[in-house]
Amino acid sequence: MGLSPVAIAAADFDGNGTLDLAVANQSDNTVSLLLNDGSGVYSAAVSYAAGSSPSAISVLDVDHNGTADIAVANASSATVSWLSNNGNGTFVYMAYYSVGTAPSSLVVVDMNGDGYDDLALANEGANTVSVLENSRNGTFAAAVTAAVMTTPVAITAADIDFDGDSDLVTANSSASTLSLLMNDTDFQPDPFPFTAVVDVPLNAMVESNVVTLSGMAGWSQLTVSGGEYALSTNGGVAWSAWSTAPVLVTTGNQIKVRTTAAAAGHVMVEVQITVGRMHETFSVTTIGDAVPNPFAFIDKSGVALNTVTTSDPITVTGIDVGVPISVIAGMYSINGRAYTSALGVVRNNDSVQLLVSSSPLNGGVVNVVVNIGGVSDTFRVTSVTKSEGSSSGGGVLGLPLLVLMLLWRASKQISTTPEAGGGIHL
């Protein structure tokens, strides 16, 4: 163990599922690591250099690789340093960053919502707080400083105002006070509406317009339901693979989503994208099936002259939306309503019946053409055919066929007796 240990932290440094120990040793400017063998027995301490007079220690994942690294506040050198874990419980001293005078306490906290560990330190000798933002590449940005009351000796993070971000609180020894530092980072984006798409073919894969996030000073998590998203962080030059996994986004990031349209006509599918507390929806609506199944009216024949005639009704099927109906040379009725010849609208399972006046001519045909959603059929009405010669007139051609037959039979019975001169008299 090093000299004058003043702070301790526990974590699984070597990845064996047990808690190891890291100790800050103020007098010899080191950190000691003691590894747990799984039975509660610790190995001999291995020491690593830290800054001058380490006063506080904490565990974090600086490089976001899933291993436990170590941050140390160094009182005499007014710095914070970090040691990178090799993944097996051995460490490499990486870097130190300047903070306020005599840092006495530190806390690991994600201040900007990007999913990376940042650091906040209470500087006892400067009456300030230093915040170091993780640059997401294994380094930290220069410290940002805020004043508090005198002699801050402890610091913690909490969402004091319940707005979704982490605020800071210091305990100020000489002032006998607490200082609250409210985080005003804007994690919420401006609205980012998607354009709805309609009249999409059934089962089609549909991609949205590209939206660009704005209004955020920090980072927020993006989640998707009902589809997939792709993300670009360089102005659309390159895009991520399509995904459904949560991801952190910020101002300037571009998003597009996609989904599969419904298998039925006139059905809406929605994809919901959530960033922070902002929700936006991309909707895809399939085209309504506007072409009905074929239909056929039963023709009628032997209809009396000049007689109002109705067809047998047909049922329109196979459509998801209302479609136009038109008629030529007749009228139609929908579901038993009044007959009309005006342009109308038919919907699925509607019943359609036609009405027409038969021809005034013997054997005359009236054709009623109906068109429903582009599908046509003709209803034919044929007038009754009467025998030729039924009209008045004295000529032989005007006689009924029965009369002609009777006259022919009578002619066969005329006498053929010879008279003088040897001729035959009819």
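Keep in mind that the model is predicted.

I start with strand β6, residues 69-74. How many of the residues of β6 are buried? Six of the six are, so the strand is largely enclosed by the rest of the structure. Buried here stands for under 20% relative accessible area. In a regular strand, side chains alternate between the two faces of the sheet. In β6, one direction is taken by D69, A71 and A73, and the other by I70, V72 and N74. Both sets are buried, and they include D69 and N74.

Now the partners of β6. Strand β5, residues 54-60, pairs with β6 in the antiparallel sense, over six bridges. If you want a place to look in that pair, take D69 in β6, which has L60 opposite. Strand β7, residues 79-85, also pairs with β6 in the antiparallel sense, here over five bridges. In this pair, W82 of β7 stands opposite A71. β6 and β7 form a hairpin with four residues between the strands. Which residue of that hairpin takes a positive phi? It is A78, with a value near 50°.

Next, the open sheet. Five strands make it up, and going across, the order is β16-β24-β23-β19-β21. The pairing is mixed. At the edges are β16, residues 197-200, and β21, residues 247-249, each of which pairs on one side only. On average, neighbouring strands of this sheet are turned by 25° against each other, with direction ignored.

What is the sense of its pairing with β24? The two strands run parallel and are joined by two bridges. β24 covers residues 278-286. For one of the contacts, look at V200, whose bridge partner in β24 is T286.

Last, the largest pocket. Its volume is about 360 Å³. There are 19 lining residues, and those closest to the centre are M111, V131, V144, N183 and T185. Which strands each supply at least two residues of the lining? β11, residues 128-132, and β12, residues 144-147, both do.

Technical notes
Residues are numbered from 1 along each chain as its sequence is written. This is a predicted model: local features need pLDDT of at least 70, side-chain atom pairs count only at pLDDT 80 or more; totals for chains, interfaces and linings use all residues. Side-chain values use heavy atoms; hydrogens and water are left out. Two strands pair if DSSP finds at least two bridges between them. Axes are lines fitted to C-alpha atoms, for helices over the stretch in contact, and angles run from 0 to 180 degrees between N-to-C directions. On a 1 Å grid over the protein atoms alone, a cavity is a set of points where a 1.4 Å probe fits but cannot get out, and a pocket is an open set with protein on both sides within 12 Å along at least five of seven lines; lining residues have an atom within 4 Å of a point. Grid points are joined across faces, edges and corners, and a volume is the space filled by probe spheres set on the points. Buried means under 20% relative accessible area, exposed over 50%, partly exposed in between (1.4 Å probe, protein chains only).
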